[in-house]
Amino acid sequence: MKEHTAMAKVISTLFISADGVAEIDPDWHFPYFDDNMGRAVTEDYDTSDVLLIGRVTYDSFAGAWPDRETAGGEDAGFAKQLGDVRKVVVSRQPLEFSWRNSEVVDGDLPAAVAALKADTGIKGILIPGSISVVQQLLAAGLVDELRLLVHPVAARKGRRLFDDGDTPYHLRVTATEVFPTGVLRVIYAPTDAPGAAGYDDVKEQVPAGN
């Protein structure tokens, strides 16, 4: 009998503000970065052996991490990990890569990701940042986990994780943790919509008053 092999999970990891902005502003992000957040990021990266990243995120990473690896500072180990991992980049334009182990998504994004998920040689696929990639894959039903580090700040400007659309995304919470900084780590997984309900269904739970 053929042994069943689980499909690779697609995991999104994002720093996000309390009002849903996932486009990082260093002014509201770095004051909250501590050992706990570093541990959470490490755990997220350890889930996967493929990084799936948008062009803007890739350019940001490739413009910083190879030099940090070469410099040999405190972050050189993580820089080497990023260099060694397979990086699949979503870009409409052809790219010439200077960072090792980088390739462009071949063809349609959902189809390419479905193929990666089905590849038995892949443990997991992590999407760091890359809001547009996450939005496309949420719409296609291909995201298995949203791992959010919710900062206790309303950014009030910047691109939000969830774009406008006609269909809600229903989520279940699989883990939570609150850091001393006030950052809330929440791991969500997609789930089915709850049953229909209206006020008459919940009025018995409404406070009775004094």
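Biologist: Which residues is aspartate 44 in contact with, leaving aside its neighbours within four places in sequence?

Modeller: Contact means heavy atoms within 4.5 Å. By that criterion aspartate 44 meets Thr13, Leu126, Arg147 and Arg185, its neighbours within four places in sequence being left aside. This is a predicted model, in which local features need pLDDT of at least 70 and side-chain atom pairs count only at pLDDT 80 or more, while totals for chains, interfaces and linings use all residues. Residues are numbered from 1 along each chain as its sequence is written, and side-chain values use heavy atoms, with hydrogens and water left out.

Biologist: Is aspartate 44 buried or exposed?

Modeller: Buried means under 20% relative accessible area, exposed over 50%, and partly exposed in between, with a 1.4 Å probe and protein chains only. Aspartate 44 is buried because its relative accessible area is 1%. The residue belongs to helix H2 (residues 35-45); helices (H or I, at least four residues) and strands (E, at least two) are DSSP runs numbered from the N terminus.

Biologist: How many residues has the largest nonpolar core?

Modeller: In soluble globular proteins, nonpolar side chains tend to be buried together. A nonpolar core is a set of buried Ala, Val, Leu, Ile, Met, Phe, Trp, Tyr and Cys residues joined through side-chain atoms within 4.5 Å. The largest one has 29 residues, and Leu52, Ile125, Leu137 and Leu161 have the most contacts inside it. Helix H7 (131-139) is among the elements that each supply at least two residues of this core, and its five residues are the largest share. Apart from this core lies another, of 21 residues, including Ala40 and Val89.

Biologist: What does isoleucine 125 touch?

Modeller: Not counting residues up to four places away in sequence, isoleucine 125 touches several residues, among them Ile11, Val50, Leu52 and Leu116.

Biologist: How much of the protein is buried?

Modeller: Buried residues make up 38% of its 210 residues. The protein has eight helices and eight strands, and its C-alpha trace spans about 70 × 50 × 35 Å along its principal axes.
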